[in-house]
Amino acid sequence: MLVVQPLTLPDDDIEGDFVALDNTNAGVGDTVLVNREGNGARQVLNNPEACVISVIVGIVDSVNIQDLN
Amino acid sequence: MLFGRVRGTAVCTIKYPDLVGTKFLMVEPLDKDLKPTGPLQIAVDVVHAGHGDLCIMVRSREAALAMKDNKFVPVDLALIGIVDELVVHDDGKFDLTLKEGTTHYA
């Protein structure tokens, strides 16, 4: 389980951090993609009774943002 | 899922019939720095947590899935783990802001 902090755009409010189940061998400092929906979490884990809401489903290589205005 | 600290218990003699025998604990939601993030809530305990324990909680429909036998119960917060070890790096160590352009995350 990893503690995850959502990233923000420069003027946005900082979202609250949360705990997510890691499905990708991510490490501390990695930028990751997190699925925070329960049904999807159960599909990813292939367990219809998993009591998990947040699952890390990918590790981000790069992000391209254009025109923040 | 989120962190929670057990602060007390709740005993309900009159309750939903399928919740007979479940343990209700009063928990305080915490953030990664273990600071409170909201009001005290009641959570169902399935991991035998005790007073003062730092726990992982799951909310919403998945909390009902944490119940052992009958998962069709009106539960929306459950303790699913007791934290043995927590290591959180300072915010200052990471750049948490997305900027224009292409950012590579090695």
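Between chain B and chain A, 10 residue pairs are in polar contact, both residues of each pair being at pLDDT 80 or more. The structure is a predicted model. Elements E1, E4 (54–59), H1 and E6 (101–104) of chain B each supply at least two residues of the side that touches chain A. Strand E6(B) gives the most to that side, with 4 residues. The count of salt bridges between chain B and chain A is 3.

**The interface between the chains**

- The contact draws 31 residues from chain B and 37 residues from chain A.
- Together, chain B and chain A bury about 2,700 Å², and 61% of this area lies on carbon and sulfur atoms.
- Three residues, Met1(B), Leu98(B) and Tyr105(B), supply 28% of the area that chain B buries against chain A, more than any other three residues.
- One salt bridge joins the side chains of Glu62(B) and Arg42(A), with 2.3 Å from N to O.
- Thr8(A), which is found in the loop between E1 and E2 of chain A, touches residues of both chains.
- On the chain B side, the contacts of Thr8(A) are Leu96(B), Thr97(B) and Leu98(B); within chain A they are Asp13(A), Ile14(A) and Glu15(A), residues up to four places away in sequence not being counted.
- Thr8(A) counts as buried because its relative accessibility is 10%, below the limit of 20% for that class.

**Lys71(B) and its surroundings**

- Lys71(B) is found in the loop between H1 and E5 of chain B.
- A salt bridge links Lys71(B) to Glu49(A), and the closest N and O atoms are 3.9 Å apart.
- This pair crosses between chains: Glu49(A) belongs to the loop between H1 and E4 of chain A, and Lys71(B) to the loop between helix H1 (61–65) and strand E5 (77–82) of chain B.
- The two partners fall into separate accessibility classes: Glu49(A) is partly exposed because its relative accessibility is 47%, whereas Lys71(B) is buried because its value is 19%.
- The side chain of Lys71(B) also reaches two backbone oxygens, that of Leu65(B) at 3.1 Å and that of Met67(B), which lies 2.8 Å from a polar atom of the side chain.
- Apart from neighbours within four places in sequence, Lys71(B) is in contact with Glu49(A), Arg61(B), Ala64(B) and Leu65(B).

**Salt bridges across the structure**

- Side chains of opposite charge can pair when their charged atoms come close.
- A search of the whole structure finds 7 salt bridges over all chains.
- Within chain B, Arg7(B) forms a salt bridge with Glu28(B), and the closest N and O atoms are 2.7 Å apart.
- Arg7(B) is partly exposed, since its relative accessible area is 39%, while Glu28(B) is buried, since its relative accessible area is 13%.
- Another salt bridge in chain B joins the side chains of Asp95(B) and Lys99(B), at 2.7 Å from N to O.
- In this pair, Asp95(B) is exposed because its relative accessible area is 52%, and Lys99(B) is partly exposed because its relative accessible area is 40%.

**The sheet and a helix of chain A**

- In chain A, 4 strands form an open sheet of mixed pairing, in the order E1-E2-E4-E3.
- Strand E1 (2–4) and strand E3 (32–35) of chain A are the edge strands, each pairing on one side only.
- From one strand to the next, the twist averages 50 degrees.
- Strand E2 (residues 18–22) and strand E4 (residues 55–59) of chain A pair in the parallel sense over 2 bridges.
- Asp22(A) stands opposite Ile56(A) in E4(A).
- Helix H1 (residues 38–45) of chain A lies across E2, E3 and E4 of that chain, and the helix runs at about 65 degrees to E4(A).

Key:
Residues are numbered from 1 along each chain as its sequence is written. Chains are lettered from A and ligands numbered from 1 in the order in which they are written. This is a predicted model: local features need pLDDT of at least 70, side-chain atom pairs count only at pLDDT 80 or more; totals for chains, interfaces and linings use all residues. Side-chain values use heavy atoms; hydrogens and water are left out. Two strands pair if DSSP finds at least two bridges between them. Axes are lines fitted to C-alpha atoms, for helices over the stretch in contact, and angles run from 0 to 180 degrees between N-to-C directions. Contact means heavy atoms within 4.5 Å. A salt bridge is a side-chain nitrogen of Lys or Arg within 4 Å of a carboxyl oxygen of Asp or Glu. Buried means under 20% relative accessible area, exposed over 50%, partly exposed in between (1.4 Å probe, protein chains only). A polar contact is a pair of N or O atoms within 3.5 Å; within protein, one must be able to donate a hydrogen and the other to accept it, and residues adjacent in sequence count only if both atoms are side-chain atoms. Buried area is the accessible area (1.4 Å probe) that two parts lose on being put together, summed over both.
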